[in-house]
Amino acid sequence: MNTVNVVELLPGYLADELAPDEQALVETALAQSPTLRGELERYRQLQTLLALVALSELHAPPDLAGRVARQVALHYYLGLLNRYINGLLSAYGRALVYYLGLG
């Protein structure tokens, strides 16, 4: 098994989920490779960070629903205003073309 395959086993090694032969293979490779030991340490740090995130509760701001509703309404009404202004400008444009005798 090459180094790339051993790297793929590192998460299972940390979780103690490997078969005995795979575990022995990883330990042998770790003893021989500073690069693999560094990669194992990065996986340990990631595992620690994920555990901390899992412990923390995420709370939405109390006014989040109101803020989202206001943004949706604002977007809707700005769309209506845009269509109204475009229609108005179009009508004025047609009137201008008519009065100038260009049409």
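Helices here are DSSP runs of H or I with at least four residues, strands are runs of E with at least two, and both are numbered from the N terminus. The model is predicted, so local features need pLDDT of at least 70 and side-chain atom pairs count only at pLDDT 80 or more, while totals for chains, interfaces and linings use all residues. Residues are numbered from 1 along each chain as its sequence is written, and side-chain values use heavy atoms, with hydrogens and water left out.

A positive phi also occurs at Asp 16, a residue other than glycine, where the value is near 60 degrees. Asp 16 sits in the loop between α1 (3–14) and α2. With a relative accessible area of 58%, Asp 16 is exposed; the term means over 50%, buried means under 20%, and partly exposed lies in between (1.4 Å probe, protein chains only).

Helix α2 comprises the 13 residues 20–32, which at 1.5 Å a residue should span 18 Å, and the 19 Å between its end C-alpha atoms agrees with this. The expected span is 1.5 Å times one less than the number of residues. The buried residues of α2 are Val 26, Ala 29 and Leu 30. They cover an arc of only 100 degrees around the axis, so they are on the same side of α2; the arc is taken from the directions from the helix axis to the C-beta atoms. On the face turned away from that buried side are the exposed residues Pro 20, Asp 21, Ala 31 and Gln 32.

The whole structure has 3 salt bridges, each a side-chain nitrogen of Lys or Arg within 4 Å of a carboxyl oxygen of Asp or Glu. In helix α3, Arg 42 and Glu 39 are 3 residues apart, about one turn of the helix, and their closest N and O atoms are 2.8 Å apart. Arg 42 is partly exposed at 46%, as is Glu 39 at 23%. Arg 44 and Glu 41 also both lie in α3 with a spacing of 3 residues, and their salt bridge is 3.8 Å from N to O. Asp 63 is joined to Arg 67, the closest N and O atoms being 3.4 Å apart.

Helix α4 covers residues 64–99. Its 36 residues should span 52 Å at 1.5 Å a residue, and the end C-alpha atoms are 52 Å apart, which agrees.

A nonpolar surface patch is formed by Leu 74, Leu 78, Leu 81, Tyr 84, Ile 85, Leu 88, Leu 89 and Tyr 92, with about 820 Å² of accessible area together. Patches consist of residues with over 30% relative accessible area and no salt bridge; like charges are joined within 9 Å, and nonpolar side chains (Val, Leu, Ile, Met, Phe, Trp, Tyr) within 5 Å. Accessible areas come from the Shrake-Rupley method with a 1.4 Å probe, and for residues only the protein chains shown count as cover. Leu 89, in α4, is exposed at 55%.

The whole structure has 2 aromatic pairs. The ring centres of Tyr 76 and Tyr 77 are 5.2 Å apart and the planes are at 70 degrees, so this pair is edge-to-face. Rings of Phe, Tyr and Trp (its six-membered ring) pair if their centres lie within 6.5 Å; planes under 30 degrees apart count as stacked, over 60 as edge-to-face and the rest as tilted. Tyr 98 and Tyr 99, with centres 5.4 Å apart and planes at 75 degrees, are likewise edge-to-face, and both are exposed.
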